[in-house]
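Morning, everyone. I'll take a few minutes on aromatic contacts. Have the structure up while I talk.

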Amino acid sequence: MNKMRRQSDNYYVERIRSGETDCFAPLLERYGKQVFSLVVKIVENREDAEELAQDVFMKAFRSISAFRGDSSFSTWLYRIAYNMAVSATRKAGVMYVPVDDEMMERTADEPEDDFDGEADSPARLECLNCALNSLPPEDRAMITLFYREDRSMGEIAVITGLSETNVKTRIFRIRKKLFVLIKEMERKKNGTDG
C-alpha cells in the first residue's frame with residue numbers, strides 16, 4: 001500500500017473507475033484533513049463538519065465517473081465540499097453580521113497599512129477570528145481557500161463556480177469587510193464607538 005500512496009490522483013481515479021474501489025483510501029487519506037478544515041471553517045461546528053466531510057467523500061466516490069479532469073482532483077473535491085457545506089449552513093438559517101455603508105464610511109479613511117502592524121497581537125487575532133466567524137459561509141470559505149489552503153484565484157473560481165474576476169473582486173471586498181469588522185470590534189472594546 002505504501003507504493004500506492006505515492007501515485008498521482010489521476011492514477012487512483014482511473015483504478016477506481018475500473019472497479020478497484022480500495023484505491024479510494026489513499027485519496028481519502030491525502031485530502032481528509034484539508035476537506036475537514038474547509039468544511040469546519042464554513043459550518044463552524046466540529047461534529048457537523050466531521051459528518052459533512054464523510055458525506056463529501058461518499059458523494060465524491062459515487063460521482064467519480066463525473067470527474068472529467070478539467071481541473072485537479074483536489075479542486076473537484078473541494079468544489080463538492082464547498083457546495084455541501086454552504087448548503088448545510090443555508091439550511092441551518094444562520095444569521096451573519098451585515099457590514100453596512102455607515103460602517104464602511106467610518107473606516108474609509110483609515111489606512112489598512114496601519115492594520116498590519118499589530119496583526120499578531122492576541123487582541124487583534126481574537127478580533128480577526130470573531131470577524132471571520134461573522135462572515136457568511138461563502139465569504140469564509142473563499143478566505144480559507146485563498147489564505148489557509150493557498151489556492152489560486154483560478155482554482156477558487158472552479159471550486160465556487162464564479163469567474164476568476166469575480167473571485168478577485170469578492171476577495172478584495174471580503175478583506176475590506178474584515179478590516180471594517182475588526183475596526184468596529186476594536187472601537188467597541190475600547191469604548192470609542194460612535
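One definition to start: partly exposed means a relative accessible area between the buried limit, under 20%, and the exposed limit, over 50%. Keep in mind that this is a predicted model.

So, how many aromatic pairs does the structure hold? It holds 8. I'll go through two of them.

Start with Phe 24 and Phe 61. Their ring centres sit 5.2 Å apart. The planes meet at 75 degrees, so we call this pair edge-to-face. The cut-off there is over 60 degrees.

Where do the two rings come from? Phe 24 belongs to helix α3, residues 24–43. Phe 61 belongs to helix α4, residues 46–62. The pair therefore ties together parts that are 37 residues apart in sequence.

Now accessibility. Is Phe 24 buried or exposed? Buried, at 8% relative accessible area. Phe 61 comes out at 27%, so it counts as partly exposed.

Next pair: Phe 67 and Trp 76. Centre to centre, that is 5.3 Å. The angle between the planes is 55 degrees, and the pair is tilted. Phe 67 has 5% relative accessibility, so it counts as buried. Trp 76 is buried as well, at 15%.

Those two residues also belong to a cluster. Which residues form it? Tyr 31, Phe 67, Phe 73 and Trp 76 make up one aromatic cluster.

Last item, a charge over a ring. Look at Tyr 78. Arg 151 lies over its face, 4.2 Å from the ring centre.

That's my list. Over to you.

Key
Residues numbered from 1 in each chain as written. Predicted model: local features only at pLDDT ≥ 70, side-chain atom pairs only at ≥ 80, totals over all residues. Heavy atoms only, no water. Phe/Tyr/Trp six-rings, centres within 6.5 Å; stacked < 30°, edge-to-face > 60°. Helix = DSSP H or I, 4+ residues; strand = E, 2+ residues; numbered from the N terminus. Buried < 20%, exposed > 50% of the residue type's maximum accessible area, 1.4 Å probe, protein only. Lys NZ or Arg CZ within 6 Å of the ring centre and 35° of its normal.
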